[in-house]
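Trainee: I am new to this structure, and I would like to learn how to read its features one at a time. Could we begin with a single element and then widen the view?

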Amino acid sequence: MANNTEEAISWKEKGNECVKQGKYEEAVLHYGKAIRLDPNNPTLYSNRSLAFLKLQQYYYAYSDANETIKLRRDWAKGYFRKGEVEMNVGRPSDALLSYQIALHLQPADQTVKDAMTRATAACEKDKKKEQIPWLCAGVGIIIGVAIVMGDQLLTSEPSLSHPLLMALLTISIASLGYLIAIAWRFFIGCQMQSLLDPPLDLLAEMHKDDKEDDAQQPDVPAERTHARLTKAQARAKLKRQRT
């Protein structure tokens, strides 16, 4: 057990050195080896969370941050890592809550205080974004009024002579601007939310496709099966002889 811990520390130090050099892919591999040797060490998950974050692998960074918290709930670093991921995926209100917990556990940490300032500013910016649909509606009203006035002043026979048509045109353009802004916000929100979705397991999909292909293939004659097994046995025998 002691040997495993010492080896885990060695892999951790290698990972730390890779992070300093910007070699985040290698750092993830080193931290992974350390975790296999010492799976209950929260520092290893915290460090790997940082490496994943640098690689923009937000799902894995978030998972490691949560594992850090699970292993040591009284450690500020786990909540800080969680907040960092949430900030990068456009969830500043969640990040602010994570930072607040981290600051409660470590009140003198200036890094956490700076992170809270960033999260607060991002929350205020999000509140301002909520007014964008109404601003778009206001722009639509201005455009609608401009079209009506142009029709009245620049044409000899205005096509929008009835007040009801003028109002309907203006309201329609304003509503269109409002709906476009709402749809855009929804699209951006879905895009940001998908950053924390688990990635597709390509290996599992490949194995699934292989099984489906095997199921669709016709039965192999017994002679061919026997021959294939015989070749496999011959290779195994040759390998044993070499060793």
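Mentor: Let us start with helix α3, which has 13 residues and reaches 19 Å from its first C-alpha to its last, close to the 18 Å expected at 1.5 Å a residue. The expected span of a helix is 1.5 Å times one less than its number of residues, and helices (H or I, at least four residues) and strands (E, at least two) are DSSP runs, numbered from the N terminus. Please keep in mind that this is a predicted model, in which local features need pLDDT of at least 70 and side-chain atom pairs count only at pLDDT 80 or more, while totals for chains, interfaces and linings use all residues. Residues are numbered from 1 along each chain as its sequence is written, and side-chain values use heavy atoms, with hydrogens and water left out.

Trainee: How many helices and strands does the protein have?

Mentor: There are eleven helices and zero strands, so the order of elements from the N terminus on is simply α-α-α-α-α-α-α-α-α-α-α.

Trainee: How many residues of α3 are buried?

Mentor: A residue is called buried under 20% relative accessible area, exposed over 50%, and partly exposed in between (1.4 Å probe, protein chains only). By that rule α3 is mostly covered, with ten of its 13 residues buried, among them Pro42, Leu44, Tyr45, Phe52 and Leu53. Over the 243 residues of the protein, 28% count as buried.

Trainee: Is Arg48 buried or exposed?

Mentor: Arg48, which has its place in helix α3 (residues 42-54), is buried, with a relative accessible area of 17%. Contact means heavy atoms within 4.5 Å, and, leaving aside residues up to four places away in sequence, Arg48 touches Val28, Tyr31, Gly32, Ile35 and Asp64. For the protein as a whole, residues 24 or more positions apart account for 51% of the contacts with a separation of 6 or more.

Trainee: Which residues have the most contacts inside the largest nonpolar core?

Mentor: A nonpolar core is a set of buried Ala, Val, Leu, Ile, Met, Phe, Trp, Tyr and Cys residues joined through side-chain atoms within 4.5 Å. The largest one here has 14 residues, and those with the most contacts inside it are Ala27, Tyr58, Val85 and Leu196. At least two residues of this core come from each of α1 (2-20), α2 (24-37), α3 and α4 (58-71). A second, separate core of 13 residues includes Phe80, Tyr99, Met116 and Cys123.

Trainee: How should I read a salt bridge, and how many does a search of the whole structure find?

Mentor: Side chains of opposite charge can pair when their charged atoms come close. The criterion is a side-chain nitrogen of Lys or Arg within 4 Å of a carboxyl oxygen of Asp or Glu, and a search of the whole structure finds five such bridges. In one of them, Lys82 and Glu86 meet at 2.8 Å, N to O. Being four residues apart in helix α5 (residues 76-88), these two are separated by about one helical turn, and both Lys82 and Glu86 are buried.

Trainee: Which parts does the pair of Glu84 and Arg118 tie together?

Mentor: Glu84 forms a salt bridge with Arg118, the closest N and O atoms being 3.1 Å apart. Glu84 lies in helix α5 and Arg118 in helix α7 (residues 110-129), so the pair ties together parts that are 34 residues apart in sequence. Glu84 is buried, with a relative accessible area of 17%, whereas Arg118, at 41%, counts as partly exposed.

Trainee: Which residues make the nonpolar surface patch?

Mentor: Patches are made of residues with over 30% relative accessible area and no salt bridge, where like charges are joined within 9 Å and nonpolar side chains (Val, Leu, Ile, Met, Phe, Trp, Tyr) within 5 Å. Here Ile141, Val145, Met149, Leu153 and Leu154 make a nonpolar patch of about 540 Å², where areas come from the Shrake-Rupley method with a 1.4 Å probe and, for residues, only the protein chains shown count as cover. Leu154 has its place in helix α8 (residues 132-154) and, at 75% relative accessibility, counts as exposed. Trp134 is also found in helix α8, and at 60% relative accessibility Trp134 counts as exposed.
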